[in-house]
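Colleague: I have not worked with this one before. Can you put it up and walk me through it?

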Amino acid sequence: MQRVPSYISRSVAGSYDNEAVAIFALIFTFYLYIKTLNTGSLFYATLNAISYFYMVCSWGGYTFIINLIPMHVLLCIVTGRYSSRLYIAYAPLVVLGTLLASLVPVVGFNAVMTSEHFASFLVFIIIHVVALVYYIKGILSPKMFKVAVTFVVSIGLVVCGAALAVLIALVASSPTKGWSGRSLSLLDPTYASKYIPIIASVSEHQPPTWPSYFMDINVLAFLVPAGIIACFLPLSDASSFVILYIVTSVYFSGVMVRLMLVLAPAACIMSGIALSAAFDVFTRSIKFQLPGATENFERDAGETSSNSVVAQNDVAKTEKNEDAVKERPSKKNRKKEKENVEKPSVKSQIKKKLLILPLEASIIAIFLLVLLGAFYVVHCVWAAAEAYSAPSIVLTSHSHDGLHVFDDFREAYAWLSHNTEVDDKVASWWDYGYQTTAMANRTVIVDNNTWNNTHIATVGTAMSSPEKAAWEIFNSLDVKYVLVVFGGLVGYPSDDINKFLWMVRIGGGVFPHIKEPDYLRDGQYRIDSQATPTMLNCLMYKLSYYRFVETDGKAFDRVRRTEIGKKYFKLTHFEEVFTTHHWMVRIYKLKPLKNRIRGRAKKSKSKASSTTSTKRIGMKKKNPWH
Amino acid sequence: MGFRFDLLLFVITLLSVPVLSDLFLSKIDRRIDLTTQAVGITATLKVENAGSDLVSEVLLAFPDDQAKHLAYLTATNNEGKGKAKSSSVSFPVDVVRPKGMPPSLTFYSVSLPKGLGKGDSLTLDVLAVFAHALQPFPERISQADIQLVVFYETAHYLSPYAVKVQSLSVKLPDARIESFSKIENTKIHGSEIKYGPYENLPPFSYSPIAVHFEANQPFAIAQQLIREIEISHWGNVQVTEHYNLVHEGAQSKGEFSRLDYQARPHVRGASAIRHLVAKLPPRAHSIYYRDEIGNISTSKLWGDPKKTELVIEPRYPMFGGWRTAFTIGYGLPLQDFLFHLEGKRCLNISFGSPINELVVDTLIVKVVLPEGSTDISVSAPFPVKQGQETKFSHLDVVGRPVIVLEKTNVVPEHNQHFQVYYKFSSLSMFREPLMLISGFFFLFVACIIYMHADLSISKSSPSYLAKLQWDEVQAGVQQVRNIFDRCLTAHDKLEASLRDLSRTGDVQACKASWKAVDNLLKDLSKDLKPLLVSLQSSPQAAQILPKVEELIAKERELQEKLMVKHSTVVDSYEKKLSGREIENRVALQQQKITALRQEVDDLLDFIDEI
């Protein structure tokens, strides 16, 4: 699984992320859950809760666990698969897990308050009811039991109905129905774009495209259906869980690119099951035929008679094998699993006559499967090297005279870190917050983990305001430097001008005087001569294109493939202090206000208001001259 | 200009000081090189002794504010007219505070080992290098301005001795000269200004001059440079240099426009530091150039057998006042720098920075010797502050001894070799690998011991006893299994003997083998009995026992059947019956035997599963 590109996309050195850790925790939690389900050991249940805690610490995606496991439990109960093992697997996880999760500061009381966790408690209640029912069933005679059931059901329904009504009333009273925005956007893919622009603005939160599916999971995409079939053959608790896992993760990955990450291990497990089942069949038929050549002649007669017994044995053994298979894929080690599956099957293979394929066909099939796996490895390495290993901070391009490196981001961050004061604050769009903090060692206004929507909106507003208003906003935030990313000179597409509409939307969401239509000409976002005056006068436009026209005389933007609308302008409240080699990062400094202008402005203002204050100010102004 | 005014006052005070020695300087030639930021003043002094006493020291005087920038000072004996520098001997130079001298002067005394007798004369070459002697003026310039610097000196040589004839020439870079002090006998030749000759000047005569000129060479100053030289006796000297660089020319003010810089780089941003050239020793390898946020991709490297040249560009062009920090590192072959000397090892490596024309404010050289080095001593060609510390690296026990040498105001002239002597036993080299090997060895030994040791806490706990019993049962079942295997092989032998019989017709041999097998089987059944008893006694075996018993019964039956078959076959052979008849007779038995054999195999497999 280490090779699956969608996982690599998160774990390469350039963009190391806590998801890399979280996926391990996720899979480990699932593994322990299934282990508990199979063994019914309280020890593993405790471990499970602890690994769930680990998951909560590492990633917000823990809600996936806390919803998936109750779903599975519910499924088991509905299909009549309730057992004490299921209870042991589930109850300690909910109790211990919730307690531990609420220890994590970010989660805190959310662990019991929000709707994401509601499902787990509901199922927790249900499983207790079911456990009680089974217990009573065990101690009472069938007749008494029937009476008891009617009694309990009638009372239970009333109580449950009341409880549900209260809960629904509570939940409905909160505006988002207790769901956080991200979760809602998962359930309703169109939710985010309607209500919360900040979530929709992240490219990771967009739905993925088909090529990206193919790029990321490749061969696995074809093996997964096979794996699902293999899981259904003997449907056990564990295999139903795996099926549930793959189904939900496919859905989630369809909603957000980022959750391809969750799909990756699921796809690996499924295709691992598929492969192992395939290998099982093929190796079995080979094993049967190879030693059979010498010994079988003597025994053929006797064997036909005992075949019926053997067939029964077979069923028992395959079930065992399947169980083994289910546990191991969770360890993410497909290869090991193959070996392990082969081993137990070796002994009983000799007699297995069912599902036998011709020797040549099975050898060829195994060869092809190995080839498939090998090609997949090649593809993964290629994808890792080409698509994901390039760190987003250092860009490269191949030109006729070799590799060209665009190291502009680090150039700018190094400049900031060495040539500004230690306590200077830098404002930029939040995408660059972490980078600025880490590489330039300067305080930023918003970063990638800013939870306060208003903060981000303030910066967005400043960027979309005219220069003077922006200066005032930044000055009130004690900002010294403003950093913008501009790709127009070299054609770097993910620059601030392309992200600008999001700034307008997010800013407009909090400060209503920023209106998106002001920046659009007939619903189109453009920066050429047709652009609206609001657009051409906003800070982002000015900072990006300041003196850009002097580079080629026409001011041709290579990203937007157009000439810019307003070419010659001067900055009055900002000054350019640094621009990197390829103009990708431009840093501006807020100019201090000039005394003379300030005095004049105040005078005119105070004249309008009251006379007493004019006098006082006038006195103050005059004093230095006396 | 307060500076110059001070000097004038100070000159007036100087003139009143009496001469203390009978020496006088008959001829002085001074050449000042202002083309680089480290100002070098070469003075050729002809010293004569007019008194009767033997004089063993010559005093050199510098004003205090010049002396604090003095980075490097040597006095060599210039013998003969030719410039044969190999024959020159350098004299020891020390700071002295002679009595009765004016307070704002710093004196350096050149000791003459032979002394200067009456009427003798001596020619001294004095090289003094000053860092920070060029002052930018104006101090703040915009990107478009050129950088101007001013340099102050005295046209008359400042000396406690009377001077007969002297001259001064100032070499400037090939650029505009803004202004220079014009006093008597001033001439200008292109980029060279000549003052003098001046004759018969009293001691401490002083005539301040200033030269104001365009200097666009970058003023790269390393405020701190830490060079770490780590010796590995496995064949590598690793040098790591941490630079803290600042451009100390005129401060940049106002905007920095990349556009102007890119469009007219030599006009807008002429004084910026674009690149630095480091001359590394030959055969340097594994060279890297990075800073705290990763590799810096703008560097070039050339190598030839004589030197390795590394051209590094900072991440951004450095304007006046801008700073940066970076690290370069390289490995050098050990045999080029480490030698054996009289039982000691001697590291001979250059002291200063390999970067051209770099002035270092504080240079700290750390020599990390291998762990276990003793008798460490350092010899440096100039005074340095010495210290010692220890550094812990991988697998170190007591730490590696580190020699710390610290020097301020380092100019390129300090790029001389210094030596570190130490004793180190070659055997200590193997200590760390051995530590690793033994560590892993003991780990595995511990694993082996753990696997073989019985670590259960209580020997009487029920689970432990159950486990013991279960082990016993398993061992017993295993033995049973072995016995059955042998039984089955005995059966096979019987069958084989029958086949032999049908081929050869040798009844006696067949009978013999039957007897042998019979005995063997009896022995085996005897062996089986105690095992069975022990299995019966243990409660854990309850579930296996019926199977085992069944197995035994079946096997008995099989055995009997085989015996019967065998005896019938042998009998019929003795009766010389035809092959077909024998087969007919045996056929039924054969069928039963196969069936039984099948059952036994199944049972055995079942037991194996347990």
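**The contact between the chains**

Modeller: Chain B and chain A bury about 2,400 Å² between them, and carbon and sulfur atoms give 47% of that area. Buried area here is the accessible area (1.4 Å probe) that two parts lose on being put together, summed over both.

Colleague: Which residues of chain B lose the most area to chain A?

Modeller: Those are Arg258(B), Leu259(B) and Ile293(B), which together make up 26% of what that side buries. This is a predicted model: local features need pLDDT of at least 70, side-chain atom pairs count only at pLDDT 80 or more, and totals for chains, interfaces and linings use all residues. Residues are numbered from 1 along each chain as its sequence is written, chains are lettered from A and ligands numbered from 1 in the order in which they are written, and side-chain values use heavy atoms, with hydrogens and water left out.

Colleague: How many residues does each chain bring to the contact?

Modeller: Chain A brings 26 residues and chain B brings 25, where contact means heavy atoms within 4.5 Å.

Colleague: And how many salt bridges are there between chain B and chain A?

Modeller: The count is three, a salt bridge being a side-chain nitrogen of Lys or Arg within 4 Å of a carboxyl oxygen of Asp or Glu. Arg547(A) forms a salt bridge with Asp260(B), with 3.1 Å between the closest N and O atoms.

Colleague: Switching to chain A. How many helices and strands does chain A have?

Modeller: Chain A has 27 helices and eleven strands. These are DSSP runs numbered from the N terminus: helices are H or I with at least four residues, strands E with at least two.

Colleague: What share of chain A is buried?

Modeller: Of its 626 residues, 46% count as buried, meaning under 20% relative accessible area (1.4 Å probe, protein chains only).

Colleague: What about helix H4 of chain A, how many of its residues are buried?

Modeller: Twelve of the 17 are buried, so H4(A) is largely enclosed by the rest of the structure. Among them are Phe64(A), Ile66(A), His72(A) and Cys76(A). The helix covers residues 62–78 and reaches 25 Å from its first C-alpha to its last, close to the 24 Å expected, which is 1.5 Å times one less than its number of residues.

Colleague: What follows H4(A)?

Modeller: Gly80(A) follows, with a positive phi near 75°.

Colleague: Is Glu116(A) buried or exposed?

Modeller: Glu116(A) is buried, at a relative accessible area of 6%. Glu116(A) sits in the loop between helix H6 (110–113) and helix H7 (118–139) of chain A. Its C-alpha is 8.0 Å from that of Ile66(A), 50 residues apart along the chain.

Conventions. Buried < 20%, exposed > 50% of the residue type's maximum accessible area, 1.4 Å probe, protein only.
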